[in-house]
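Colleague: Could you take a close look at the salt bridges in this model for me, and then walk me through whatever else you can say about its strands and surface?

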Amino acid sequence: MANRQLLLDRSGLVLLYIFLGTLRESGAGQIRYSVLEETDKGFFVGNISKALGLEPRELAERGVRIVSRGKTQLFALNPRSGSLITADRIDREELCEAVSSCFLNLEILVEDTLKIYGVEVEIMDINDNAPSFREEEVEIKVSEHATPGSRFPLPNARDPDVGMNSLQRYQLNPNNYFSLQVRGTTDGAKNPELVLEGSLDREKEAAHHLLLTALDGGDPIRQGTVSIRVVVLDVNDHIPKFTQSVYGVSVPENLSSGTRVLMVNATDPDEGINGEVVYSFLNMESKASEIFQLDSQSGEVLIQGSLDFEKHRFYEMEIQGQDGGGLSTTAKMLVTVVDVNDNAPEITITSSTNSVLENSPPGTVIALLNVQDQDSGENGQVSCFIPNNMPFKLEKTYGNYYKLITNRALDREQVQSYNITLTATDRGSPPLSTETHISLNVADDNDNPPTFAHSSYSAYIPENNPRGASFFSVTALDRDSKENARVTYSLAEDTLQGAPLSSYISINSDTGILYALRSFDYEQVHELQLWVTAHDSGNPPLSSNVSLSIFVLDQNDNVPEILYPALPTDGSTGVELAPRSAEPGYLVTKVVAVDRDSGQNAWLSYRLLKASEPGLFAVGLHTGEVRTARALLYSDTLKQSLVVAVQDHGQPPLSATVTLTVAVADSIPDVLADLGSLESPVSPDNSDLTLYLVVAVAAVSCVFLAFVIVLLALRLRRWHTSRLLKASGGGVAGVPTSHFVGVDGVRTFLQTYSHEVSLTADSRGSHVIFPQPNYADTLISQESCEKSEPVLLSGDSVFSKDNHALIQQAPPNTDWRFSQAQRPGTSGSQNGDETGTWPNNQFDTEMLQAMILASASEAADGSSTLGGSAGTMGLSARYGPQFTLQHVPDYRQNVYIPGSNATLTNAAGKRDGKAPAGGNGNKKKSGKKEKK
């Protein structure tokens, strides 16, 4: 029942103190709370969130926390309720000892605003300690002759509680000889004394046993007892007496152990053992007993522990002097501890960051620190500073709190980290100081773009490079760090020859190595211009560009290309004519070649690789001109084969060859007479091709022959009808019927199906040519209409004396006579004497024309057969008897003989002034045809 009542009373006190704490919280200025000691962990002290004007959830968000300088955290913040609670059991007696009012100060830090709020918590006492005596039993010696009213000091009880809970009164058990009296002191202490009420008789009772009880004023009342044994002694009528009732001394706190503080002295006029005084501390606190030591014989007070001004500044002790007879007296000893500058300042880092972003604005808070010095006076006055050569400064905020801030923008590329030395110095003599260090890293900000070593780059890549090969690399450096310094490369979008640049060149985004995706050809692309962009990985990313010029280096990859003489597709070679009367140095022809390469790779040189007769011809080294090296002799063969090599100056050099066939003759009949000797060897591949061509020509000829037969049959029918009309009409009897019959049909036929079939002596070299349609402007003779075989003429028919073909020849049309500058090859040279052009001799010209017309006439008469004999020149049957010279091509340029490599030019006629053989005869034949 008593325990239940105790719990109810204690709960009432708790509610009372909470109400008082709420009232104290509402006051202005510092936040004040009160809490009972010995409360359980987590006990509510006060509503901090309400005092700070914050919601409970904002405590964690704004970094509200308790800043304590002590080693033990007695209070904590409840983040859910926003209240201040106890973090451990609180013992007021342990914290404040004998101080009547016990206050604990703590600071509340709001991280985001860096504000400090002071909180004062009063620890309210509860009656948790009973009064106690140091000794379990006390012995008092009393003379038997002691007079009534004599006082004998009793031991004090100690109660660490305060107020009503502290020691309030003493009780002595009832007896017939002694009573209890309590004497108060100036400091409020109660000293019990045993008062003799009657005379003692040692013989009746040698000792008296008493019980002293000490009671406090708590609820319930707690008490402590001590046994007192009173021993009745023989008579000792003198009491020891101290020289001073109060001994006072001031000592510095840095006295070493064993140092004498003072000496007390008491005298007793008695003799013997009753005059010997023994010294001892009376009612001494436990902490004082650990520091001071009293010599019981000499009365010397020594230091046995260490003094600390910051813990105890004043000591009050009572010294008892007792003689051998049991009489005693007391004196006070007051010890004042003088402060000495023995404590260096203490620097406490309350809040700090180990990294700050570069380019942060001035005033950015780095750390919040507290500076304390446990000394007092000037010894406790502290100043804090940092070196002047750093971009930081200290600002004093609240109490002894300082704020370390930046005073200018930081640049990580100049200084990556700082080791800040904080120095705190007091004003003592000598001054003491303390240093602490804060390591601060400057975090990187993406404020530097990648930079290239050069403003532009030039790269060279040989043509015909392998695809995917690397040929150049660029590097950009970024002064930032980590992701801000990680550089990636890319190419600017562009097009080249209609294709995206990315299809030509690629770049490794990590290394900056450039790769060729195509094999370059110098003849197509000489140079590429592109932009390389370097991006870092910062946010936002920074970039820079650099121009890159890529030059394609020419390689000797093109063989010289021979433009003249052009190689025929049928394997034949051109024929150049050299008169036997040519002097040394005579220009026979000129080899023209080009090289698609450039520079040295395109420099060409010509040389004679092979000749039928060495020493007869020479080739210009740089011009390619083929000239005679000596005078031609009649013993020299008609056909001269020359192999000319054209070589460039590349490494390795490339070359091409061309085979020239030079016919040595003074006139065209000489050339035609020996055409058989100008045949070129035919390869097996050409023979297969010739076979195919012969089959194709035969098939086309059969179709054509069938068509012609049908057409001739129709014409014969119409001719027969016209003869009947002539016999009946007679009006047109004097006009040849060939002038009227079949004009439209033949014209249509000639316009649509005119073609040319040419065969050489060697059937394997035969070829067929389908030219554009030819238009006839004259009528066809009756004789030619009666013929039904459009076959080729043999070579013998060219010079035939047959007088059935030719009609009156009109003068040559001047439209087909080209100037010498317009003629290809050597015949187009401006130097008439050197190029071997055709002569303007009318007889030679008419001779060639007569040859062509004669062949056409014989073809119309059916005197030639398909194929012809060896050495014949096949001429087209489309040149009928009525074909005028204005339709004949300019055979003065070149006479091309199908199936052979010879191109005949009558260059000798003009130089020699000779008419071709048989020219007059042909003209006479032409005259005969006219008469006929």
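Modeller: Happy to! The count comes to 17 salt bridges, each being a side-chain nitrogen of Lys or Arg within 4 Å of a carboxyl oxygen of Asp or Glu. Please keep in mind that this is a predicted model, where local features need pLDDT of at least 70 and side-chain atom pairs count only at pLDDT 80 or more, while totals for chains, interfaces and linings use all residues. Residues are numbered from 1 along each chain as its sequence is written, and side-chain values use heavy atoms, with hydrogens and water left out.

Let's start with arginine 183 and glutamate 193, whose side chains meet in a salt bridge at 2.8 Å, N to O. Arginine 183 sits in strand 13 (residues 178-184) and glutamate 193 in strand 14 (residues 190-196), so this pair ties together parts that are ten residues apart in sequence. Helices (H or I, at least four residues) and strands (E, at least two) are DSSP runs numbered from the N terminus. Arginine 183 counts as partly exposed because its relative accessibility is 43%, whereas glutamate 193, at 10%, counts as buried. Here buried means under 20% relative accessible area, exposed over 50% and partly exposed in between, with a 1.4 Å probe and protein chains only. Both residues also belong to a network of salt bridges that links them with Arg151.

Another pair is arginine 260 with glutamate 300, where the closest N and O atoms are 3.5 Å apart. With a relative accessible area of 51%, arginine 260 is exposed.

Lysine 393 and glutamate 395 form a salt bridge too, with 3.8 Å between the closest N and O atoms. Lysine 393 is partly exposed at 37%, and glutamate 395 is also partly exposed, at 31%.

Four of them make an open sheet in the order 46-53-52-49, with mixed pairing; two strands pair if DSSP finds at least two bridges between them. Strand 46 (575-578) and strand 49 (604-611) are at the edges with a single partner strand each, so one side of each has no neighbour in the sheet. On average, neighbouring strands are turned by 35 degrees against each other, direction ignored. The axes are lines fitted to C-alpha atoms. Strands 49 and 52 (residues 639-648) run antiparallel and are joined by seven bridges, and lysine 610 has valine 643 in strand 52 as its bridge partner.

Phenylalanine 617 belongs to strand 50 (residues 617-619) and is buried, at 4%. Its C-alpha atom is separated by 4.4 Å from that of threonine 628, eleven residues apart along the chain. Setting aside neighbours within four places in sequence, phenylalanine 617 has contacts (heavy atoms within 4.5 Å) that include Val588, Leu608, Thr628, Leu642 and Val662.

Finally, the surface: Leu689, Leu691, Tyr692 and Val695 make a nonpolar patch of about 420 Å². Patches are made of residues with over 30% relative accessible area and no salt bridge, with like charges joined within 9 Å and nonpolar side chains (Val, Leu, Ile, Met, Phe, Trp, Tyr) within 5 Å. Tyrosine 692 is in helix 7 (residues 684-729) and counts as exposed at 58%.

Key
Axes are lines fitted to C-alpha atoms, for helices over the stretch in contact, and angles run from 0 to 180 degrees between N-to-C directions. Accessible areas come from the Shrake-Rupley method with a 1.4 Å probe; for residues, only the protein chains shown count as cover.
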